[in-house]
Amino acid sequence: MELNVAIAGQGPAVLLLHGFPHTWQLWTHVMDGLSDRFRVIAPDLRGFGASTRAVDGYDAGTLAADAEALLHALGESSAAVIGIDAGTPPAFLLAMRRPGLVRQLVVMESLLGSLPGAEEFLAGGPPWWFGFHSEPGLAESVLTGQEARYIDWFLDAGTLGQGMDPAVRAAFLDAYTGSEALRCAFSYYRALPASAGQIRDAVRTDRLTVPAMAIGARPVGRALEQQLRPVADRLVGHVIEDCGHIIPLHRPAELLRLLEPFLLSAGAPAESARE
(Lines give C-alpha, C1' and ligand atoms only; values in the text may rest on other atoms or scores of the structure.)
Protein backbone atom coordinates (compact mmCIF):
# COMPACT_ATOMS: atom_id res chain seq x y z
CA MET A 1 0.00 0.00 0.00
CA GLU A 2 1.56 3.30 -1.11
CA LEU A 3 0.23 6.78 -0.42
CA ASN A 4 1.00 9.78 -2.59
CA VAL A 5 1.89 12.63 -0.22
CA ALA A 6 2.45 16.39 -0.53
CA ILE A 7 4.58 17.92 2.23
CA ALA A 8 5.36 21.57 2.90
CA GLY A 9 7.06 23.53 5.67
CA GLN A 10 8.82 22.66 8.89
CA GLY A 11 7.67 22.48 12.49
CA PRO A 12 5.00 20.50 14.36
CA ALA A 13 3.23 18.10 12.04
CA VAL A 14 -0.26 18.76 10.71
CA LEU A 15 -1.91 15.88 8.83
CA LEU A 16 -4.68 16.77 6.36
CA LEU A 17 -7.22 14.13 5.29
CA HIS A 18 -9.44 15.00 2.31
CA GLY A 19 -12.81 13.58 1.25
CA PHE A 20 -14.86 12.97 -1.91
CA PRO A 21 -14.40 14.07 -4.65
CA HIS A 22 -11.04 15.53 -3.68
CA THR A 23 -7.33 14.78 -3.65
CA TRP A 24 -4.56 16.34 -1.58
CA GLN A 25 -4.96 19.47 -3.76
CA LEU A 26 -8.06 20.28 -1.70
CA TRP A 27 -5.62 21.68 0.88
CA THR A 28 -3.58 23.90 -1.46
CA HIS A 29 -4.50 27.19 0.24
CA VAL A 30 -4.37 25.69 3.73
CA MET A 31 -0.87 24.35 3.10
CA ASP A 32 0.24 27.76 1.86
CA GLY A 33 -1.16 29.38 5.00
CA LEU A 34 0.27 26.92 7.54
CA SER A 35 3.61 25.90 6.09
CA ASP A 36 5.52 28.85 7.59
CA ARG A 37 4.95 27.39 11.08
CA PHE A 38 4.11 23.74 10.58
CA ARG A 39 5.15 20.66 8.64
CA VAL A 40 1.98 20.12 6.64
CA ILE A 41 1.35 16.59 5.35
CA ALA A 42 -1.42 16.03 2.80
CA PRO A 43 -1.81 12.50 1.39
CA ASP A 44 -4.11 11.18 -1.26
CA LEU A 45 -6.14 8.72 0.78
CA ARG A 46 -6.17 5.03 -0.10
CA GLY A 47 -7.65 4.57 -3.56
CA PHE A 48 -7.72 8.29 -4.36
CA GLY A 49 -5.51 10.36 -6.64
CA ALA A 50 -2.07 8.83 -7.10
CA SER A 51 -2.26 6.50 -4.09
CA THR A 52 -2.69 2.74 -4.46
CA ARG A 53 -6.11 1.75 -5.75
CA ALA A 54 -6.61 -0.92 -3.16
CA VAL A 55 -9.15 -3.72 -3.48
CA ASP A 56 -10.52 -3.05 0.01
CA GLY A 57 -9.74 -1.25 3.25
CA TYR A 58 -12.00 1.78 2.81
CA ASP A 59 -13.50 1.56 6.28
CA ALA A 60 -12.59 4.34 8.71
CA GLY A 61 -10.51 2.06 10.91
CA THR A 62 -8.23 0.96 8.09
CA LEU A 63 -7.92 4.54 6.82
CA ALA A 64 -6.96 5.59 10.35
CA ALA A 65 -4.29 2.88 10.36
CA ASP A 66 -3.03 4.20 7.01
CA ALA A 67 -2.71 7.67 8.52
CA GLU A 68 -0.88 6.35 11.57
CA ALA A 69 1.55 4.37 9.40
CA LEU A 70 2.19 7.45 7.28
CA LEU A 71 3.08 9.57 10.32
CA HIS A 72 5.44 6.88 11.58
CA ALA A 73 7.05 6.53 8.15
CA LEU A 74 7.69 10.28 8.13
CA GLY A 75 9.24 10.16 11.60
CA GLU A 76 6.46 12.09 13.33
CA SER A 77 5.66 11.17 16.93
CA SER A 78 2.65 13.50 17.10
CA ALA A 79 0.47 15.52 14.77
CA ALA A 80 -2.58 17.71 14.65
CA VAL A 81 -5.04 15.84 12.43
CA ILE A 82 -7.56 17.66 10.25
CA GLY A 83 -10.24 15.81 8.32
CA ILE A 84 -13.13 16.83 6.09
CA ASP A 85 -15.93 14.75 4.58
CA ALA A 86 -14.64 11.18 4.13
CA GLY A 87 -11.48 12.17 6.01
CA THR A 88 -13.40 12.94 9.21
CA PRO A 89 -14.24 9.40 10.44
CA PRO A 90 -10.63 8.13 10.13
CA ALA A 91 -9.33 11.33 11.75
CA PHE A 92 -11.74 10.81 14.63
CA LEU A 93 -10.88 7.13 15.07
CA LEU A 94 -7.16 7.89 14.99
CA ALA A 95 -7.64 10.42 17.80
CA MET A 96 -9.73 7.93 19.78
CA ARG A 97 -7.31 5.04 19.33
CA ARG A 98 -4.01 6.92 19.51
CA PRO A 99 -4.49 10.00 21.73
CA GLY A 100 -0.74 10.07 22.35
CA LEU A 101 -0.15 10.46 18.62
CA VAL A 102 -2.90 13.00 17.84
CA ARG A 103 -2.03 16.38 19.36
CA GLN A 104 -5.28 18.05 18.26
CA LEU A 105 -8.26 17.10 16.10
CA VAL A 106 -10.17 19.25 13.62
CA VAL A 107 -13.12 17.77 11.75
CA MET A 108 -15.37 19.37 9.16
CA GLU A 109 -18.53 18.82 7.13
CA SER A 110 -19.20 15.16 7.80
CA LEU A 111 -21.14 12.89 10.11
CA LEU A 112 -19.74 10.32 12.49
CA GLY A 113 -21.68 7.18 11.71
CA SER A 114 -24.93 6.86 13.63
CA LEU A 115 -23.90 8.83 16.73
CA PRO A 116 -26.77 10.89 18.17
CA GLY A 117 -26.93 14.58 17.29
CA ALA A 118 -27.56 14.57 13.54
CA GLU A 119 -31.28 13.78 13.65
CA GLU A 120 -32.36 17.17 12.31
CA PHE A 121 -29.85 17.02 9.46
CA LEU A 122 -31.03 13.51 8.56
CA ALA A 123 -34.75 14.20 8.98
CA GLY A 124 -35.30 13.93 5.24
CA GLY A 125 -32.93 10.97 4.88
CA PRO A 126 -29.27 10.94 3.91
CA PRO A 127 -28.09 12.79 0.78
CA TRP A 128 -29.35 11.11 -2.39
CA TRP A 129 -25.95 10.01 -3.64
CA PHE A 130 -25.22 7.88 -0.57
CA GLY A 131 -27.55 5.14 -1.74
CA PHE A 132 -26.43 5.44 -5.36
CA HIS A 133 -22.77 5.11 -4.44
CA SER A 134 -23.39 2.28 -1.99
CA GLU A 135 -24.74 -0.29 -4.45
CA PRO A 136 -21.70 -2.35 -5.54
CA GLY A 137 -20.83 -1.85 -9.19
CA LEU A 138 -23.79 0.34 -10.08
CA ALA A 139 -22.53 3.93 -9.96
CA GLU A 140 -19.27 3.27 -11.78
CA SER A 141 -21.06 1.37 -14.56
CA VAL A 142 -23.46 4.29 -15.07
CA LEU A 143 -20.93 7.11 -14.75
CA THR A 144 -17.91 5.88 -16.70
CA GLY A 145 -17.54 8.32 -19.57
CA GLN A 146 -19.60 10.98 -17.76
CA GLU A 147 -17.22 11.61 -14.87
CA ALA A 148 -16.57 15.31 -15.52
CA ARG A 149 -20.24 16.25 -15.54
CA TYR A 150 -20.89 14.25 -12.37
CA ILE A 151 -17.87 15.46 -10.38
CA ASP A 152 -18.54 19.05 -11.46
CA TRP A 153 -21.96 18.83 -9.84
CA PHE A 154 -20.33 18.21 -6.45
CA LEU A 155 -17.68 20.88 -6.99
CA ASP A 156 -20.30 23.43 -7.98
CA ALA A 157 -22.61 22.58 -5.08
CA GLY A 158 -19.68 22.52 -2.64
CA THR A 159 -18.68 26.09 -3.49
CA LEU A 160 -22.24 27.46 -3.76
CA GLY A 161 -21.70 27.91 -7.48
CA GLN A 162 -18.64 30.12 -7.08
CA GLY A 163 -16.17 27.67 -8.61
CA MET A 164 -12.50 27.03 -7.89
CA ASP A 165 -9.02 27.29 -9.32
CA PRO A 166 -9.14 25.62 -12.77
CA ALA A 167 -5.95 23.67 -12.04
CA VAL A 168 -7.43 22.18 -8.86
CA ARG A 169 -10.66 21.34 -10.66
CA ALA A 170 -8.67 19.63 -13.43
CA ALA A 171 -6.74 17.59 -10.87
CA PHE A 172 -9.98 16.42 -9.25
CA LEU A 173 -11.55 15.47 -12.57
CA ASP A 174 -8.46 13.54 -13.62
CA ALA A 175 -8.34 11.68 -10.31
CA TYR A 176 -11.94 10.49 -10.65
CA THR A 177 -11.90 9.47 -14.29
CA GLY A 178 -12.22 5.77 -15.18
CA SER A 179 -14.20 2.90 -13.72
CA GLU A 180 -11.42 1.83 -11.34
CA ALA A 181 -11.02 5.34 -9.94
CA LEU A 182 -14.78 5.51 -9.42
CA ARG A 183 -14.86 2.07 -7.77
CA CYS A 184 -12.30 3.21 -5.22
CA ALA A 185 -14.18 6.44 -4.54
CA PHE A 186 -17.49 4.69 -4.03
CA SER A 187 -15.89 2.01 -1.85
CA TYR A 188 -15.84 4.59 0.95
CA TYR A 189 -19.65 4.68 0.85
CA ARG A 190 -19.87 0.90 0.65
CA ALA A 191 -17.80 0.70 3.83
CA LEU A 192 -19.99 3.16 5.76
CA PRO A 193 -21.78 0.45 7.81
CA ALA A 194 -18.43 -0.97 8.93
CA SER A 195 -17.15 2.52 9.72
CA ALA A 196 -20.28 3.30 11.74
CA GLY A 197 -19.76 0.14 13.77
CA GLN A 198 -16.15 1.08 14.47
CA ILE A 199 -17.22 4.53 15.65
CA ARG A 200 -19.90 3.07 17.93
CA ASP A 201 -17.40 0.66 19.43
CA ALA A 202 -14.89 3.44 20.02
CA VAL A 203 -17.26 5.71 21.96
CA ARG A 204 -18.75 2.80 23.91
CA THR A 205 -15.57 2.40 25.96
CA ASP A 206 -13.61 5.65 25.51
CA ARG A 207 -13.95 9.41 25.24
CA LEU A 208 -12.33 11.88 22.87
CA THR A 209 -9.72 13.39 25.17
CA VAL A 210 -7.61 15.45 22.74
CA PRO A 211 -8.48 19.12 22.11
CA ALA A 212 -10.96 19.13 19.23
CA MET A 213 -12.67 21.57 16.92
CA ALA A 214 -15.72 20.92 14.73
CA ILE A 215 -16.31 23.26 11.79
CA GLY A 216 -19.53 23.31 9.81
CA ALA A 217 -20.81 25.07 6.71
CA ARG A 218 -23.51 24.12 4.21
CA PRO A 219 -25.08 21.63 4.43
CA VAL A 220 -23.84 19.95 7.63
CA GLY A 221 -23.83 23.00 9.90
CA ARG A 222 -23.68 22.03 13.59
CA ALA A 223 -24.67 18.38 13.16
CA LEU A 224 -21.10 17.10 13.53
CA GLU A 225 -20.47 19.29 16.57
CA GLN A 226 -23.69 17.97 18.13
CA GLN A 227 -22.52 14.40 17.59
CA LEU A 228 -19.20 15.15 19.26
CA ARG A 229 -20.51 17.08 22.29
CA PRO A 230 -21.47 14.03 24.40
CA VAL A 231 -18.20 12.16 23.76
CA ALA A 232 -15.58 14.95 23.70
CA ASP A 233 -13.83 16.37 26.75
CA ARG A 234 -12.53 19.53 25.05
CA LEU A 235 -14.46 20.74 22.03
CA VAL A 236 -14.92 24.06 20.30
CA GLY A 237 -17.46 24.45 17.50
CA HIS A 238 -17.77 26.93 14.65
CA VAL A 239 -19.98 27.44 11.61
CA ILE A 240 -18.60 29.43 8.67
CA GLU A 241 -21.44 31.43 7.21
CA ASP A 242 -22.10 31.66 3.46
CA CYS A 243 -19.74 28.76 2.87
CA GLY A 244 -20.24 25.59 0.88
CA HIS A 245 -19.24 22.08 1.82
CA ILE A 246 -15.72 22.36 0.34
CA ILE A 247 -14.53 24.78 3.02
CA PRO A 248 -10.76 24.69 2.24
CA LEU A 249 -11.39 25.86 -1.32
CA HIS A 250 -14.47 28.01 -0.88
CA ARG A 251 -13.49 29.98 2.23
CA PRO A 252 -9.77 29.28 2.87
CA ALA A 253 -9.08 32.61 4.58
CA GLU A 254 -11.94 32.09 7.06
CA LEU A 255 -10.80 28.53 7.69
CA LEU A 256 -7.23 29.61 8.35
CA ARG A 257 -8.46 32.23 10.82
CA LEU A 258 -9.94 29.38 12.83
CA LEU A 259 -7.13 26.88 12.35
CA GLU A 260 -4.10 29.03 13.10
CA PRO A 261 -4.89 30.04 16.70
CA PHE A 262 -6.23 26.59 17.50
CA LEU A 263 -3.12 24.82 16.21
CA LEU A 264 -0.83 27.30 17.95
CA SER A 265 -2.65 26.70 21.25
CA ALA A 266 -1.40 23.12 21.57
CA GLY A 267 -0.69 22.45 25.20
CA ALA A 268 -2.84 25.33 26.46
CA PRO A 269 -6.00 24.60 28.46
CA ALA A 270 -9.03 24.26 26.21
CA GLU A 271 -12.59 25.16 27.11
CA SER A 272 -15.82 23.90 25.64
CA ALA A 273 -17.18 26.70 23.49
CA ARG A 274 -19.10 27.47 20.33
CA GLU A 275 -19.50 30.35 17.92
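Two residues are in contact when heavy atoms lie within 4.5 Å. In this predicted model, residues 24 or more positions apart account for 76% of the contacts in the protein chain with a separation of 6 or more.

The overall form of the chain comes next. Its secondary structure comes to twelve helices and eight strands. Along the principal axes, the C-alpha atoms fill a box of roughly 50 × 40 × 35 Å. A compact globule of 275 residues would have a radius of gyration near 19 Å, and the 17 Å of the protein chain therefore agrees with that expectation. As for burial, 55% of the 275 residues count as buried.

One pair of helices can be followed in detail. Two packed helices are described by the angle between their axes and the distance between the axes. Helix α3 spans residues 88–97 and helix α9 spans residues 192–205. Their axes come within 11 Å of each other and cross at roughly 30°. Angles under 35 degrees count as roughly parallel, so α3 and α9 are roughly parallel to each other. The crossing in which α3 passes α9 is left-handed.

Which residues of α3 and α9 make the contact? On the α3 side they are P89, F92, L93, M96 and R97. On the α9 side they are Q198, I199, A202 and V203. By residue type, the contact of α3 with α9 divides into seven nonpolar residues, one polar and one charged.

Terms used
Residues are numbered from 1 along each chain as its sequence is written. This is a predicted model: local features need pLDDT of at least 70, side-chain atom pairs count only at pLDDT 80 or more; totals for chains, interfaces and linings use all residues. Side-chain values use heavy atoms; hydrogens and water are left out. Axes are lines fitted to C-alpha atoms, for helices over the stretch in contact, and angles run from 0 to 180 degrees between N-to-C directions. Helices (H or I, at least four residues) and strands (E, at least two) are DSSP runs, numbered from the N terminus. Angles under 35 degrees count as roughly parallel, over 145 as roughly antiparallel, 65 to 115 as roughly perpendicular and the rest as oblique. A crossing is left-handed if the near helix is turned anticlockwise from the far one by less than a right angle, and right-handed if clockwise. Ala, Val, Leu, Ile, Met, Phe, Trp, Tyr, Cys and Pro count as nonpolar, Asp, Glu, Lys and Arg as charged, and the others, Gly among them, as polar. The radius of gyration is taken over C-alpha atoms; the globule rule is 2.2 Å times the number of residues to the power 0.38. Buried means under 20% relative accessible area, exposed over 50%, partly exposed in between (1.4 Å probe, protein chains only).
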